[in-house]
Every structure is written in C-alpha cells, then in structure tokens.
Amino acid sequence: MNQGSVLTQITVHFALLSILSFGGVNVVLPDAHRFVVDTQHWLTDQQFADFFAIAQAAPGPNFLIFALIGWQVAGVLGAITATLAIVVPAGTLAFIVGGLWHRFRNAPWRRAMQVGLAPITIGLVFSSAFVLSSAADHDWVTFAVTAATAVIALGTKLNPLWLFALAGVLGIFTMS
C-alpha cells in the first residue's frame, strides 16, 4: 500500500473519530484500536498499549497517541497528518458550537443534551479502559495489577500517580 493511500485512510478515519470525541479523544480509543490493530494491522495490541502509556506520561494533550500512531505508520508526515486529522475537525466544531452553546444557555434543549451526553461519555470512557486493559494485560499478574489499581483508585482518594509508580516497580520485579 502506498503512502498516499495510508495518509488518506488516516485522515478520513481520524477526522471521523475527531467529530465523535465527546469528552476527549480517550472515548474514541476503542475504535482507533479496532482500526489500527484489528483492521489495518499497523500496530500490535502491545504497541497500542505502549503508545497510550507514552502519550499519557508525556506532558501535553492526550491526543498524542494519534501522533504516535501516525509516526509508526507513515513517519513524520503520518504524525502530522494524524495530529491534524484528530484536532482540526473537533476544534472547528467546538469553535462553532461554543458560540451557539453560550447563546442558547437558557434553552431547555441545551440542558437535555448535557444530561443525555453524560452517560454516553461515561460509557465510552469505560469501553476505552476495557480495550486498553485487554491490550495490556497478558497474564494473571498484569490483570491483577490493573484490577487492584482500578479498585484502589475508585475506592480511595489516593493519587493515581502513586499507583502507577507502584505498578511500575512491580513490573520491574516481575520481569527480572
């Protein structure tokens, strides 16, 4: 497959995901995973999970995973294309809707949309967590660490960064 075709596929698919990314790009990660891992076979499950971890650890916006995917698939031009495809449509839509949203701040349909979109966003975030944990957890140890981290994060006020650090230390000891 030639690079032009790959860049077109990246542009079209990521631009569509951009429009659907209510609540941020993490909500569209399951479909991004399906597209780049299952359909196109551009990345493995492990690469996708690694790219997510790198994008979350790096300072800056959480859409960096798309730049990493583009880089892996088509080099620098792929990274630029993927970044623009995930940012420009949603940014343009947010700019347009933002003005209208403020203008209709007292409209009943606005409140109904906010109430209706909240559970959809929560469900999409949950599906992202499921896809990422499925891609990263390959044995009982990694599954146990993921499950324990989720339970502790949901059940306490402990900063998740401490849990990530502990999981990293456990990973070092289990790999040696």
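Biologist: What share of the contacts in the protein chain with a separation of 6 or more comes from residues 24 or more positions apart?
Modeller: A contact here means heavy atoms within 4.5 Å. Contacts with a separation of 6 or more are the ones considered, and residues 24 or more positions apart account for 55%.

Biologist: Before we go on, what kind of model is this?
Modeller: Residues are numbered from 1 along each chain as its sequence is written, and side-chain values use heavy atoms, with hydrogens and water left out. Local features need pLDDT of at least 70, side-chain atom pairs count only at pLDDT 80 or more, totals for chains, interfaces and linings use all residues, and the model is predicted.

Biologist: Which pattern does the protein chain follow along the sequence?
Modeller: Helices (H or I, at least four residues) and strands (E, at least two) are DSSP runs, numbered from the N terminus. The protein chain has seven helices and zero strands. Read along the sequence, the pattern is α-α-α-α-α-α-α.

Biologist: What percentage of the 176 residues of the protein chain counts as buried?
Modeller: Buried means under 20% relative accessible area, exposed means over 50%, and partly exposed lies in between (1.4 Å probe, protein chains only). The C-alpha atoms fill a box of roughly 60 × 50 × 25 Å along the principal axes. Of the 176 residues, the buried share is 28%.

Biologist: How much of the accessible surface of the protein chain belongs to carbon and sulfur atoms?
Modeller: Accessible areas come from the Shrake-Rupley method with a 1.4 Å probe; for residues, only the protein chains shown count as cover. The accessible surface comes to about 10900 Å². The part belonging to carbon and sulfur atoms is 74%.

Biologist: Which helix gives the largest share of the nonpolar patch?
Modeller: Patches take residues with over 30% relative accessible area and no salt bridge; like charges are joined within 9 Å, nonpolar side chains (Val, Leu, Ile, Met, Phe, Trp, Tyr) within 5 Å. This patch covers about 920 Å², and its residues include Ile 19, Leu 93, Phe 95 and Trp 109. Two or more residues each come from α1 (3-20), α4 (64-103) and α5 (108-136). The largest share, five residues, comes from α4.

Biologist: How far apart do the centres of the positive and negative side chains lie?
Modeller: Lys and Arg count as positive and Asp and Glu as negative; His and the chain ends are not counted. Each charge is placed at NZ of Lys, CZ of Arg, CG of Asp or CD of Glu. There are 6 positive and 6 negative side chains, and the centres of the two sets are separated by 32 Å.

Biologist: Why does His 33 count as buried?
Modeller: His 33 is placed in helix α2 (residues 29-39). Beyond residues up to four places away, His 33 touches Asp 38, Asp 45, Phe 48, Val 131 and Ala 135. His 33 is buried because its relative accessible area is 7%.

Biologist: What is the phi of His 41?
Modeller: His 41 is in the loop between α2 and α3 (45-57). His 41 is exposed, with a relative accessible area of 60%. Although His 41 is not a glycine, its phi is positive, about 60°.

How values were computed: Salt bridge = Lys/Arg side-chain N within 4 Å of Asp/Glu carboxyl O.
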